[in-house]
2 protein chains.
Amino acid sequence: MPSVPSVPPARRPPIRTAPGRSATSRALSALDAFDDGHRTLTLSAIARRAGLPVATAHRLVGELCGARLLHRRPDGRYEVGARVWQLGLLAPPTSLREAALPHLQDLVITTGRTVHLAVLEGPRALIVERLASSRTQSTRHSPGGYLPLHCTAVGKVLLAHAPPALCAEALRAPARYTDWTVTDPAVIRRQLAAIRAAGFAQTSQEHRRGTWSAAMPVTGPSGVVAALSVLAPLTAPRRADALSPLAAAAAALSATVLDLDLDGMTGEPAS
Amino acid sequence: MPSVPSVPPARRPPIRTAPGRSATSRALSALDAFDDGHRTLTLSAIARRAGLPVATAHRLVGELCGARLLHRRPDGRYEVGARVWQLGLLAPPTSLREAALPHLQDLVITTGRTVHLAVLEGPRALIVERLASSRTQSTRHSPGGYLPLHCTAVGKVLLAHAPPALCAEALRAPARYTDWTVTDPAVIRRQLAAIRAAGFAQTSQEHRRGTWSAAMPVTGPSGVVAALSVLAPLTAPRRADALSPLAAAAAALSATVLDLDLDGMTGEPAS
DNA sequence: CGCACGCCTTCCGTCGCACGGAAAGGGAGT
DNA sequence: ACTCCCTTTCCGTGCGACGGAAGGCGTGCG
């Protein structure tokens, strides 16, 4: 048999590996291929990570580039486009962030500590903003990242004011991060009651060794919408001095937030 | 013939209004229906603004919600989902923003003025971050917004270091914003040369009445990647005092940016 | 109170276009 | 020169996207 079949018009129909994924979901899975550790990807990397054939990925990525959701860099690699960033600015976390930024700055200046602003998203705390004083650079836990609810100050504040169903879910199997992490649901529930009574939470090394933090709720028209926290090294003297500025900032931010419309983000996880 | 045709299986085939838009582009046009003045929309509003039939919009929006790119609020309206915000954090402006934030804070503190950080995007300046001191709240020109190139300090700095083709495009028909806006391309070109020589730009009321601003370039491995500016009311005394801190911040930020990989965003507008 | 209007949702027959295997065209490393 | 990987184009197939229609719901008006 000659190795040069000059006329192979008998094209085998491509095996439809498309199980039930819609065209749109494929395109979105291409976007999902990007994450914090993979900010730029080659075409084949996108295809691999998204589970798509290369030819399909090529077409979809081309469309996403046309819509400026992806950007092709001069070297041929792809990255998330500025358009996505702009669209993201319309999402709820941004309104909160904008309203909070001046207060966060004040808090950083007066305490000299790193501050966090987080909201409840499903069974985790979504970090909306993190501000450090100019020399305290710790790139851990950036905006967009998550913190556990049961062993961080922001998390406990959010959990203390969360619907019971969510609370039960979060306390089903509390993960251990350090030797000081409290993993007994009953103990945590008592802590939450105390937090509701006292109006603030503090944790010491429950999430990371050597770190202490305190958090207070930010309240909107419909209850607690966010939590504001101050971090300090365990060795820092006069840590408790941060509580007063923290309370002031939380109150000021709550007043600002009253003008905002911050619904959603607290609904059921998914339908 | 009775008015109750119990069996109307003769379904008229729907008139395919699908001209050439791909399935993906339709879904993305639904996202595009959201903008700064329309952060929440009803389903039919999305359909109207995206030019889609309601039934189609319903299906696409459902998929986008499944991917968490949209979020359905309890009241039934839709808003951009937190997922988009998170994805946007992977886009190039965010790396720059993260690197710049401490320096911007320093600059705000030492000058007491509002500061802007902007990058070149097509024939406009994209505002990456805007920071005001805690009491100077002006919600105009937020991050994600655009500034013209020919009549703002950041714009002139970016334009002064832009490729000639882009410069020509930007100066084709300079828009007039105030009585002080310079619209003569030749005059602007002379200004740009002076800016290249002096290393900084200043404008007075060219974009907005009563506002003065100065800007300096932020340089990366491959040239100017952004512009940093300080705004002040025209009536403020000792405005020029801001120049020295501005230079310090721009230099410090440039040093930080050297470690970053900030390509793209300077390529041709679209393919 | 009845009607009209607008919004949301579901259904389903048709056919346009999304699909992906194959092969060709680079470019870099060995 | 050979191999490996990435990218890009081509094109026949068949399946899932498409959208008109109808029904349910809430609201405002006469």
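1. For the helix pairs discussed below, an axis is a line fitted to C-alpha atoms over the stretch in contact, and angles run from 0 to 180 degrees between N-to-C directions. The model under comment is a predicted one.

2. In chain B, helix α2 (residues 43-50) and helix α3 (residues 54-66) have axes that come within 9 Å and cross at roughly 110°. Angles of 65 to 115 degrees count as roughly perpendicular, and α2(B) and α3(B) are therefore roughly perpendicular to each other. On the α2(B) side the contact is made by B:Leu43, B:Ser44, B:Ile46, B:Ala47 and B:Ala50, and on the α3(B) side by B:Val54, B:Ala57, B:His58 and B:Val61. By class, these residues are seven nonpolar, two polar and no charged.

3. Helix α3(B) also packs against α1(B): the two axes come within 10 Å, with a crossing angle of roughly 80°. This pair, α1(B) and α3(B), is therefore roughly perpendicular as well. The contact joins B:Arg26, B:Ala27, B:Ala30 and B:Leu31 of α1(B) to B:Thr56, B:Ala57, B:Leu60, B:Val61, B:Glu63 and B:Leu64 of α3(B). Its composition is seven nonpolar residues, one polar and two charged. B:Ala57 and B:Val61 take part in this contact and in the contact with α2(B).

4. The contact between the chains draws 49 residues from chain B and 48 residues from chain A. On the side of chain B, the elements giving two or more residues are α1 (23-32), α3, β3 (78-80), α4 (82-88) and α5 (92-111). Which of them provides the largest share? That element is α5(B), with eight residues. The side of chain B that touches chain A comprises 25 nonpolar, 15 polar and nine charged residues.

5. Chain A contains nine helices and nine strands. Of its 271 residues, 44% count as buried. Among contacts in chain A with a separation of 6 or more, 55% are between residues 24 or more positions apart.

6. For residues 21-82 of chain A, UniProt gives the feature "domain: HTH iclR-type", from an unreviewed entry. Over that range the model is 52% helix and 13% strand, and the end C-alpha atoms are 27 Å apart. The annotation is quoted from the record, whereas the helix and strand percentages are computed from the predicted model.

Conventions
Residues numbered from 1 in each chain as written. Chains lettered and ligands numbered in written order. Predicted model: local features only at pLDDT ≥ 70, side-chain atom pairs only at ≥ 80, totals over all residues. Helix = DSSP H or I, 4+ residues; strand = E, 2+ residues; numbered from the N terminus. Buried ≥ 20, exposed ≤ 12 C-beta atoms within 10 Å, placed from the backbone. Contact = placed C-beta atoms within 7 Å. Parallel < 35°, antiparallel > 145°, perpendicular 65-115°, else oblique. Nonpolar A, V, L, I, M, F, W, Y, C, P; charged D, E, K, R; others polar. UniProt positions renumbered as here; feature names shortened; annotations may be inferred.
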